[in-house]
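This report looks at the surroundings of a ligand and at a pocket in a protein model.

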Amino acid sequence: MAYLNRTTKQWQEIDTKHHLHPFTDYKSLAEEGSIIVTKADGVHLTTSDDKQLLDAMSGLWCVNVGYGRKNLAEVAYKQMQELPYYNSFFKTATPPSIELARELAELSPNDLNHAFFSSSGSEANDTVVRMVRRYWDLKGKPNKKTFISREFAYHGSTMTGMSLGGMTAMHAQGDLMPGFEHVLPPYWYKYGNEMSHEDFGIFAANKIEEKINEIGADNVAAFIGEPIQGAGGVIIPPDSYWPRVQEICNQYDILLVVDEVICGFGRTGNWFGSDTYNIKPDIITMAKGITSGYIPLSGIMIGDSVSDTIINEGGEFYHGYTYSGHPVACAVSLENLKIIKEENLIEQSRQVSIYLEQQMREIEKHPLVGEVRMKSFIGAVELVKDKEKMEMFEDTGVVGTICRDYCIENGLVMRAVRDGMIFCPPLIFNNSHVDELCEKLKKSLDQTHNHISKS
Ligand code: PXG
């Protein structure tokens with residue numbers, strides 16, 4: 001491939017000249033230049049300068065089976081030769097899309113027996129809103145339109161994803177659409193640390209009830225939440241939270257939508273975050289780990305009461321995407337799920353997470369660290385101004401960014417969300433990868449501590 005001959009500098013120049021990256025400050029990127037990742041194997045990335053980086057983020061929370069899986073490439077190659085594309089509109093289908101729908105019905109919790117496919121998490125959440133509103137129309141309750149979500153929620157970047165999400169900086173740039181409300185997240189360290197975890201879990205869940213009463217249950221369509229809020233900073237809810245949320249949704253006849261885009265496919269130690277927290281969702285959203293990021297694919301799984309209504313009472317549902325059920329993406333997904341099963345990756349990662357947690361408890365003793373919170377293979381190291389007083393930094397995000405930059409310098413990819421250092425490693429991480437992660441992180445924390453003590 002001709003482009004492989006360019007130097008890093010050449011790529012950086014072209015990149016700056018022609019490429020607008022997602023979620024990027026363009027001027028500052030132009031000054032620094034992109035880090036150009038050229039290849040990857042297992043849990044390590046290689047850059048165009050031949051630097052090795054340990055990827056403790058699974059790409060962007062998605063490469064669950066790790067890099068370099070030749071059989072995923074082979075399946076895509078074979079499917080492209082056999083049938084590279086056909087759609088699922090107009091009463092057609094392809095074998096991979098049918099097989100994947102069946103497989104997902106088997107794996108997913110509750111009575112989620114029907115799949116609707118799309119290509120990104122944002123699109124899948126758009127489908128959620130379209131389908132839930134259609135459902136309530138068919139039920140004769142057309143006013144039930146509002147979605148309740150949480151501050152710091154991330155549900156995508158389209159108009160619907162942005163509106164469902166609770167990121168105020170995105171709302172400020174995107175004209176939040178009407179019909180989307182946001183309540184307090186179950187973020188104990190920031191909002192609840194004067195209460196016990198369990199009391200705060202109930203307190204935060206009750207905010208949903210307060211919002212329902214404010215809007216009127218007759219106007220509320222659904223509550224949507226990630227089992228653990230990922231991009232919002234890995235907010236791990238107290239155990240009391242989800243049972244109370246479930247109770248509230250049942251009591252007020254509100255659908256419960258669980259966004260499993262990050263938590264699905266093994267991340268929290270079970271197939272879905274809903275299994276980990278014993279949630280009985282009406283709908284779940286899936287993406288990322290569904291193909292381990294090897295090819296774009298997303299979808300929603302729909303429970304029987306919603307699908308019965310849509311199927312039997314709705315006539316045509318005017319919604320779908322060119323690539324809904326794309327045969328190549330579905331074939332890759334099936335192979336990806338097979339790998340997760342055959343290599344027992346969920347059980348294995350849960351075992352390794354015991355060692356990871358031991359090592360992280362050591363990291364927690366660092367003077368810069370307020371708390372480490374984690375569930376199996378997702379977690380956050382919260383950097384704080386005053387460990388004893390549990391005081392966070394006023395200038396949010398500055399210290400997190402400094403630490404993130406030291407991590408990269410030390411050959412480690414972690415993501416900084418505000419001042420939380422996030423880890424979300426591939427499920428193939430073993431104890432020696434954990435050691436590498438913790439050594440590099442410890443060094444970066446020391447450097448960050450020195451850096452801010454001096455300034
Ligand atoms: N739901 C959740 C829970 C997500 O984490 C989406 C929906 C949207 O998926 P798409 O495929 O449309 O991006 C996501 C995506 C970050 C970051 O900076 C997180 C995501 C995407 C991009 C960046 O942590 N999550």
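This is a predicted model: local features need pLDDT of at least 70, side-chain atom pairs count only at pLDDT 80 or more; totals for chains, interfaces and linings use all residues.

Residues are numbered from 1 along each chain as its sequence is written, and side-chain values use heavy atoms, with hydrogens and water left out.

**Ligand site**

Around the ligand there are 16 residues, of which Trp61, Gly121, Ser122, Asp259 and Arg415 come nearest (a residue is near if one of its heavy atoms lies within 4 Å of the molecule).

| Side chain | Ligand atom | Distance |
|---|---|---|
| Asp259 | nitrogen | 2.7 Å |
| Lys288 | nitrogen | 3.2 Å |
| Arg415 | oxygen | 2.5 Å |

The ligand on its own has 540 Å² of accessible area, and the protein covers 84% of this (Shrake-Rupley method with a 1.4 Å probe). Two or more residues of the shell come from each of α3 (58-61) and α6 (121-138), and α6 gives the most, with three residues; helices here are DSSP runs of H or I with at least four residues, and strands are runs of E with at least two, numbered from the N terminus. Domain 1 (42-65 + 344-454) and domain 2 (71-342) each contribute at least three residues to the shell, with bounds taken from an automatic or database domain assignment. By class, the shell has six nonpolar, six polar and four charged residues, where Ala, Val, Leu, Ile, Met, Phe, Trp, Tyr, Cys and Pro count as nonpolar, Asp, Glu, Lys and Arg as charged, and the others, Gly among them, as polar.

**Second largest pocket**

This pocket holds about 800 Å³ of space, a volume being the space filled by probe spheres set on grid points joined across faces, edges and corners. A pocket is an open set of points on a 1 Å grid over the protein atoms alone, where a 1.4 Å probe fits, with protein on both sides within 12 Å along at least five of seven lines, and its lining residues have an atom within 4 Å of a point. Among the 26 lining residues, Ser88, Ala115, Phe116, Phe317 and His319 are the closest to the pocket centre. The largest share of the lining, four residues, comes from β4. By class, the lining has 15 nonpolar, ten polar and one charged residues.

Note on methods
A polar contact is a pair of N or O atoms within 3.5 Å; within protein, one must be able to donate a hydrogen and the other to accept it, and residues adjacent in sequence count only if both atoms are side-chain atoms.
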